[in-house]
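Here is my note on the chain you sent over. Please keep the structure open while you read the points.

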Amino acid sequence: MSCLPDTSSRRLLALDILRGITIAGMIMVNNPGSWSFVYAPLGHAAWHGLTPTDLVFPFFMFIMGISTYISLKKYDFTFSYSAMRKIIRRTAVIFAIGLGLAWLGLTCRTWHGLADGGLSFGARLWQSVSNFGHLRILGVMQRLALSYGATALIALAIRHHRIPYLIVALLGGYTVLLLAGNGLAYNETNILSIVDRAVLGVNHTYKDMGIEPEGLLSTLPAIAHVLIGFCCGRAMLGVTEVRDKMLRLFLIGTAMAFAGWLLSYGCPINKKIWSPTFVLVTCGMASGLLALLIWIIDVKGYAKWCRFFEAFGVNPLFMYVAGTVFSILSGSIYLTYGGDPVTLKGFIYDVCLRPWAGNYGGSFLFAVLFVAFNWLTGFILYKKKIYIKI
């Protein structure tokens, strides 16, 4: 007889916690006090390679795949026009929110860039809000939208035992594309950059040596990424006992991570192009971490330590959007200190934190305080049992 508690009928808290950890991590790494002073683990790899920061976004996409499986299970994975409309509507809303965030950031930057242009208030405002010629079309939310929409429609359209073959085809085809199209080059000769500039236009892409990190072609392996999460969700929920769920996730995760590291000798791990090895390694690590959290939280019952992350995990997309809005505003609201204008973010970092914590320490503390501020918003919603669905 096992001495472990029977957890077969309980909701997996570990899934919410891992989701919350990734959202808190995404907010934290996106909001240092100064981009000039970031501890190495909190920065992205310059090109090839992997840092802890490079894990948070792909971990969330992996979890989104599992959540997609759970949400579509209520339809018994049967294709219907009502289900299709719901998926398309949700995809469009998430994509539109991403565009809205990009527009808000661009509007604020344009407004402050025109400060010395001698324009009237109305003219300055109009030029700021109508600067669509430089609006970035793709981004984090847009990638989430496209990957979710494709995964959900595929899950309703084809038999699930065929999805692994589709994943292999997507990752294999993308590998051939990278190797044949100079896709490992960190410059504008990269096939990914050429396609993005040709389709989207140079003024509508992220400026990073010509590479758009959430570009069009790299959305293909991102779809495979979410499909892997979907398949892991299917494998996990295909058994009743929580210990069996944990074991399946651990074995699958170990196999994927090992395969990714092994194949990285031929195709490097690279987040900016979402290389196939990046997909395998990060999905494998996410699966392994979820298995560990299931063991700690759902099997052993050690849950008190993780309540902080639950407030992020139950309203993930809302918390990410709110964090992005707060970030834009903190860098756009100006105060007067010592007779000189300074942003709210600059005041907190340069005036309050950096003098006694140092450049790097102050930058890190700002990120921690920013996460704590966002957590307050999430905690209020969590206590009131308000769950905002997008």
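1. Accessible areas come from the Shrake-Rupley method with a 1.4 Å probe, and for residues only the protein chains shown count as cover. By that method the chain exposes about 18,400 Å². Carbon and sulfur atoms supply 67% of this area.

2. A word on the source. This is a predicted model, where local features need pLDDT of at least 70, side-chain atom pairs count only at pLDDT 80 or more, and totals for chains, interfaces and linings use all residues. Residues are numbered from 1 along each chain as its sequence is written, and side-chain values use heavy atoms, with hydrogens and water left out.

3. Overall build. The chain has 14 helices and two strands. These are DSSP runs, numbered from the N terminus: helices are H or I with at least four residues, strands are E with at least two. Along the principal axes, the C-alpha atoms fill a box of roughly 75 × 50 × 45 Å.

4. Burial comes next. Buried means under 20% relative accessible area, exposed over 50%, and partly exposed in between (1.4 Å probe, protein chains only). Of the 390 residues, 48% are buried.

5. Now the cores. A nonpolar core is a set of buried Ala, Val, Leu, Ile, Met, Phe, Trp, Tyr and Cys residues joined through side-chain atoms within 4.5 Å. The largest has 82 residues, and Leu 144, Leu 290 and Ile 294 have the most contacts inside it. A second, separate core of seven residues includes Tyr 174, Leu 178, Leu 192 and Cys 267.

6. Look at Thr 53. This residue lies in helix α2, residues 53-73. Thr 53 counts as buried because its relative accessibility is 2%. Beyond neighbours within four places in sequence, the contacts of Thr 53 include Val 29, Pro 41 and Leu 42.

7. Leu 42 sits in the loop between α1 (13-29) and α2. At 24% relative accessibility, Leu 42 counts as partly exposed. Setting aside residues up to four places away in sequence, Leu 42 touches Met 28, Val 29, Thr 53 and Phe 364.

Notes: Contact means heavy atoms within 4.5 Å.
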